Amino acid sequence: MKLITLITVLTFGAGLYAQPAGYNYDESKVPEYKLPEVLKLATGRTVMSVSQWQEKRRPEVLELFRKHVYGRIPGDVDNSFISVLQEESNQALGGKAIRRQVRLYLKVKGESPYIDLLIYLPKKELLRDGSVPIFTGLNFNGNHTVTLEKQVPVHSKWSRNDPRVGHKDNRANEGSRGVKIERWQPEMLVSQGFGLATAYYGDIDPDFDDGWKNGIHTLFPSSTKLKKDEWGSIASWAWGLSRMMDYFETDEDIDHQRVALTGLSRLGKTALWAGAEDERFAIVISTDSGCGGAALSRRVFGETVKRINTSFPHWFCDNFNQYNDAEHHLPVDQHMLVALIAPRPVYIASAIEDVWADPKGEFVSGLEASPVYELFGKVGTGTAEHPPVDNPIGDYVGYHMRSGDHDANRFDWEQYIRFAKRHFKLN
Ligand code: GCU
């Protein structure tokens, strides 16, 4: 057993979930660091009021993330789409739900690229005030993996090869139907009065480094020759989430003012960035989002900026490469991303065995974003202590580190539902 694996197992107890070797998993080796001050304007003055945050500092921070981390949306991108209802049933999930499948053609009706939305809503008679709050987010493997219902087709697009899911030759197949139900919990959501709307992330941009020759990049000429500060895949996926939000605004069964956005891992990074860019998302939740998500880059714990830029060169804008092995030069750190969600509630979830994603770094981000919530008279994490396992904490910045490893499961969703009910005042 490699030393680093041994350390991981010893420190985090359960299981033999090995993390990539050659990275730091030792708290005592975290370098000393100084975070950029979230409430200090570029002029050096301290932000003292909500209006200074909203009008001056928030735009500054957003711009820093666009320029140095995720990339801005190129100027020729237009947001138009045409939605076409593909299928609907009011006898879904054992008669408890409405299932609606809607295709968002991103430019030309009848042509690729398009986003296929799978929507489950509690039955009409259960709807309060005629519309329901929903959870939304992108999925990794296709809408058919979120349900056993055969009416949801297997997509025929590029798919990640994943032996756990059974996708190979970059194609999805019927064998993976329903394998991610645990990760999305449609039945629990519907029984608790929430809808679920999800789409396959590959509908927006297939997740490989291809020089921007597919997905939405084919729509906009500038996307084929991107500038150093223009979007990578994470910002593209986030843009797709905003188009989904545009659709929710047109669906009268969806309470578009109560949309909770969530995502796991790279799609948790995406949820945070989408929530920063688009303030229509009322709650933002990231699960195990790690490096480039909720985890502080300056801790250099688990995955690093250099490693993420090397393994996934298409996720961030080119400028982010400047910070490989130079996290301390970044003009931002990820607590400032969390702060961009304020004053909207944000929830950060970690898993104790997912040391690659740096649970402590994810917590400290939420903690360090809390002063911005306090400016609004709200409590953030409410404690400076990283809580023990399976102990949810926080008011406007919710946090837990659950037992187990990298995934989203029933425990996570129970916390998200409770958090959303509290903030949406649904109890
Ligand atoms: C890799 C990557 C992470 C990412 C994860 C995922 O582990 O290093 O940054 O979050 O994949 O998206 O599953």
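I shall take the ligand site and then a pocket.

This is a predicted model, in which local features need pLDDT of at least 70, side-chain atom pairs count only at pLDDT 80 or more, and totals for chains, interfaces and linings use all residues. Residues are numbered from 1 along each chain as its sequence is written, and side-chain values use heavy atoms, with hydrogens and water left out.

Around the ligand stand F140, S265, R266, K269, E303, I308, F312, W315, W356 and H406, each with a heavy atom within 4 Å of it. This shell holds five nonpolar, two polar and three charged residues; here Ala, Val, Leu, Ile, Met, Phe, Trp, Tyr, Cys and Pro count as nonpolar, Asp, Glu, Lys and Arg as charged, and the others, Gly among them, as polar.

Which distances separate oxygen atoms of the ligand from polar side-chain atoms? For E303, the distance from a side-chain N or O atom is 2.5 Å. For S265 it is 2.7 Å, and for K269 it is 2.9 Å. Taken alone, the ligand exposes 320 Å², and the protein buries 83% of that, by the Shrake-Rupley method with a 1.4 Å probe.

I turn to the second largest pocket. Its lining comprises 20 residues, with Q101, R103, D116, P153 and H155 nearest its centre. A pocket is an open set of points on a 1 Å grid over the protein atoms alone, where a 1.4 Å probe fits, with protein on both sides within 12 Å along at least five of seven lines; lining residues have an atom within 4 Å of a point. The lining divides into eight nonpolar, seven polar and five charged residues.

Technical notes: Polar contact = N/O pair within 3.5 Å; in protein donor to acceptor, adjacent residues only side chain to side chain.
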